[in-house]
Amino acid sequence: MEWPACLDEYEKLVIRMNTPRVVIDNAVCPTATLVKVDSARRHGILLEAVQVLTDLNLLIKKAYISSDGRFFMDVFHVTDLNGNKLTDESVISYIEQSLETIHYGRSNSFNGLTALELTGTDRVGLLSEVFAVLADLQCSVVEAKVWTHNGRIASLIYVKDCNSGSPIEDSQQIDRIEARLRNVLKGDNDIRSAKMTVSMAVTHTERRLHQMMFADRDYERMPVLRHSTDYPVVTVQNWADRSYSVVNVQCKDRTKLLFDVVCTLTDMEYVVFHATINTAGERAYLVINGYQSCGWEKSVRGIYVCVCIYCNFSAGLHHL
């Protein structure tokens with residue numbers, strides 16, 4: 001490993017101590033590839049590890065998470081979308097490199113594009129109106145992702161200038177975009193304030209959508225429960241005398257399931273120190289032990305976790 005000239009020996013030591021050690025093993029399990037990650041613990045490292053695997057469209061069939069003291073050790077049983085073990089050496093090498101560099105943070109920002117973040121009340125024809133406004137303002141839409149839940153919408157739209165092909169940086173043009181889209185989002189019957197912001201980069205699209213939905217606090221409106229075997233069962237047990245809680249989730253398995261759950265808990269400042277994730281057929285079972293860093297003093301916080309996870313399961317089923 002080549003070190004930048006500006007680093008002293010102490011800084012090099014800190015980097016060595018915090019750089020995750022990754023082992024990928026195809027011999028132990030006959031049905032899945034094991035990905036083992038061992039590192040010094042820091043806030044958000046679990047989410048970043050899960051994010052790496054999720055971005056590669058890998059299915060996490062089992063996982064064992066341990067984050068005691070100052071150390072973090074996870075074991076993930078993963079397969080490709082067809083349920084096969086990973087055999088492509090280039091994919092295995094990419095996973096190793098990606099997990100070994102999560103200490104430095106990861107970004108999938110769209111270079112050369114401008115990101116528009118929108119939240120507001122969902123209604124029929126809303127997206128059509130948004131895209132019509134952007135076309136009128138000479139904005140070329142490169143990519144868009146939309147989540148809807150509980151009558152609310154969160155969207156990330158990546159655009160560039162139609163004429164120059166460059167990101168939109170002119171302050172007056174940005175002001176025009178914000179003003180017109182905010183009016184579209186408000187509509188005639190907006191029950192809550194619409195929000196629209198412009199950014200030159202987004203760290204991770206789906207991670208940002210989770211944050212936008214959480215900030216919009218749509219989970220405070222209890223979703224309508226549907227009697228279905230596909231609907232998740234979420235319970236929270238508070239152990240006040242031991243200063244931790246246990247979150248249990250049973251639901252239909254799907255791609256990005258663990259990512260959505262970990263995002264939800266991270267947004268709630270819930271620190272995971274032990275967890276087991278298992279799948280059987282089409283069902284997934286998660287048992288997560290941890291505590292809320294801002295304090296778990298009232299049982300209502302447990303209710304919030306339940307509702308937030310309900311929200312994000314539903315959001316996960318309403319991606320556009």
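Q: In what sense do strand S5 and S7 pair, and over how many bridges?
A: This is a predicted model. In it, strand S5 (residues 114-121) and S7 pair in the antiparallel sense, over 8 bridges. Within that pairing, Leu116 has Ile157 of S7 as its bridge partner.

Q: How many bridges join S6 to S7?
A: There are 10 bridges between S6 and S7, and the two run antiparallel. Trp147 stands opposite Ala154 in S7.

Q: What do S6 and S7 form, and how many residues are between them?
A: S6 and S7 form a hairpin with 2 residues between them. Asn150 is in the turn and has a positive phi of about 55°.

Q: What is the order of the strands in the open sheet?
A: The order is S6-S7-S5-S8, which makes an open sheet of 4 strands with antiparallel pairing. S6 and strand S8 (195-199) are at the edges, and each has a single partner strand, so one side of each has no neighbour in the sheet. On average, neighbouring strands of this sheet are turned by 15° against each other, direction ignored.

Q: Over how many bridges do S5 and S8 pair?
A: S5 and S8 pair over 5 bridges, in the antiparallel sense. Thr119 stands opposite Lys195 in S8.

Q: Back to S7. How many of the residues of strand S7 are buried?
A: In strand S7 (residues 152-161), 9 of the 10 residues are buried, so the strand is largely enclosed by the rest of the structure.

Q: Where is Gln138 found?
A: Gln138 is in the loop between helix H4 (126-136) and strand S6 (139-149). The residue is partly exposed, at a relative accessible area of 37%.

Q: What about Lys256, what is its phi and where is it found?
A: Lys256 also is not a glycine and has a positive phi, of about 65°. Lys256 is in the loop between strand S10 (244-252) and helix H7 (257-267). With a relative accessible area of 28%, Lys256 is partly exposed.

Q: Which residues lie nearest the centre of the largest cavity?
A: Lys256 is one of them, along with Ile60, Arg254, Leu257 and Leu258. The lining of the largest cavity has 15 residues. Strand S3 (59-66), H7 and S11 are the elements that give two or more residues to that lining. By type, the lining residues divide into 8 nonpolar, 3 polar and 4 charged.

Q: How much space lies in the largest cavity, and how many cavities are there?
A: The largest cavity holds about 130 Å³ of space. The structure has 2 cavities of 30 Å³ or more.

Q: And the second largest cavity, how much space is there and which residues line it?
A: About 40 Å³ lies in the second largest cavity. Its lining residues include Leu46, Ile65, Leu258, Val262 and Leu265. At least two lining residues come from each of H7, S11 and S12. The lining divides into 10 nonpolar residues, no polar and no charged.

Q: Now the largest pocket. How much space, and which residues lie nearest its centre?
A: The largest pocket holds about 280 Å³ of space. Arg42, His43, Gly44, Val271 and Val272 lie nearest its centre, out of 17 lining residues. Helix H2 (45-55), H7 and S11 each supply at least two residues of the lining. That lining divides into 11 nonpolar, 4 polar and 2 charged residues.

Q: Where is Gly281, and is this residue buried or exposed?
A: Gly281 is in the loop between strand S11 (270-280) and strand S12 (283-292). Gly281 counts as exposed, at 70% relative accessibility.

Q: How far apart are Gly281 and Lys61 in sequence and in space?
A: Gly281 and Lys61 are 220 residues apart in sequence and 10.0 Å apart in space, C-alpha to C-alpha.

Q: Last topic, cysteines. How many disulfides does a search of the whole structure find?
A: The search finds 0 disulfides.

Q: Are Cys251 and Cys263 buried or exposed?
A: Cys251 is buried, with a relative accessible area of 2%. Cys263 is buried too, at 0%.

How values were computed: Residues are numbered from 1 along each chain as its sequence is written. This is a predicted model: local features need pLDDT of at least 70, side-chain atom pairs count only at pLDDT 80 or more; totals for chains, interfaces and linings use all residues. Side-chain values use heavy atoms; hydrogens and water are left out. Buried means under 20% relative accessible area, exposed over 50%, partly exposed in between (1.4 Å probe, protein chains only). A disulfide is a pair of cysteine sulfur atoms within 2.5 Å. Two strands pair if DSSP finds at least two bridges between them. On a 1 Å grid over the protein atoms alone, a cavity is a set of points where a 1.4 Å probe fits but cannot get out, and a pocket is an open set with protein on both sides within 12 Å along at least five of seven lines; lining residues have an atom within 4 Å of a point. Grid points are joined across faces, edges and corners, and a volume is the space filled by probe spheres set on the points. Ala, Val, Leu, Ile, Met, Phe, Trp, Tyr, Cys and Pro count as nonpolar, Asp, Glu, Lys and Arg as charged, and the others, Gly among them, as polar. Axes are lines fitted to C-alpha atoms, for helices over the stretch in contact, and angles run from 0 to 180 degrees between N-to-C directions.
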